[in-house]
Amino acid sequence: MSESYRWRLEDSSGAPLPSGHSVPFPTQAEAEAWFAESWEDLAGAGVAQVSLLREAEVVYGPMSLSAG
């Protein structure tokens, strides 16, 4: 069984947002590369913070998408 990584998109209180972006990535590096290209669009769509998950375990986060 191979691991997969995905981003949990959250509002400012930490509640998960419904998302079509919870597509699994085979590696952490691929998930992070996607995020590097997508974070501004996510912030513009109302995502306040994200957490990176490996299966059900939080790898890191929450990470704010605000400029401050």
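Rings of Phe, Tyr and Trp, the last taken by its six-membered ring, count as a pair if their centres lie within 6.5 Å. By that criterion this predicted model holds three aromatic pairs. In one of them, the ring centres of Phe25 and Trp34 are 5.8 Å apart and the planes meet at 40 degrees, so the pair is classed as tilted. Elsewhere, Trp7, Phe35 and Tyr60 form one aromatic cluster.

The charged side chains come next. The count of salt bridges is three. Glu3 pairs with Arg54, with 3.7 Å between the closest N and O atoms. This bridge links distant parts of the chain: Glu3 sits in the segment before strand E1 (5–10), while Arg54 belongs to strand E2 (residues 49–54), and the two are 51 residues apart. Arg54 also meets Glu57 in a salt bridge, at 3.1 Å from N to O. Through shared partners, Glu3, Arg54 and Glu57 are joined into one network. Its members are partly exposed: Glu3 at 44% relative accessibility, Arg54 at 22% and Glu57 at 43%.

Another salt bridge joins Arg8 to Glu10, where the closest N and O atoms are 2.7 Å apart. How do its two ends stand, buried or exposed? Arg8 is partly exposed, with a relative accessible area of 26%, whereas Glu10 has a value of 2% and is therefore buried.

Methods. Residues are numbered from 1 along each chain as its sequence is written. This is a predicted model: local features need pLDDT of at least 70, side-chain atom pairs count only at pLDDT 80 or more; totals for chains, interfaces and linings use all residues. Side-chain values use heavy atoms; hydrogens and water are left out. Rings of Phe, Tyr and Trp (its six-membered ring) pair if their centres lie within 6.5 Å; planes under 30 degrees apart count as stacked, over 60 as edge-to-face and the rest as tilted. A salt bridge is a side-chain nitrogen of Lys or Arg within 4 Å of a carboxyl oxygen of Asp or Glu. Helices (H or I, at least four residues) and strands (E, at least two) are DSSP runs, numbered from the N terminus. Buried means under 20% relative accessible area, exposed over 50%, partly exposed in between (1.4 Å probe, protein chains only).
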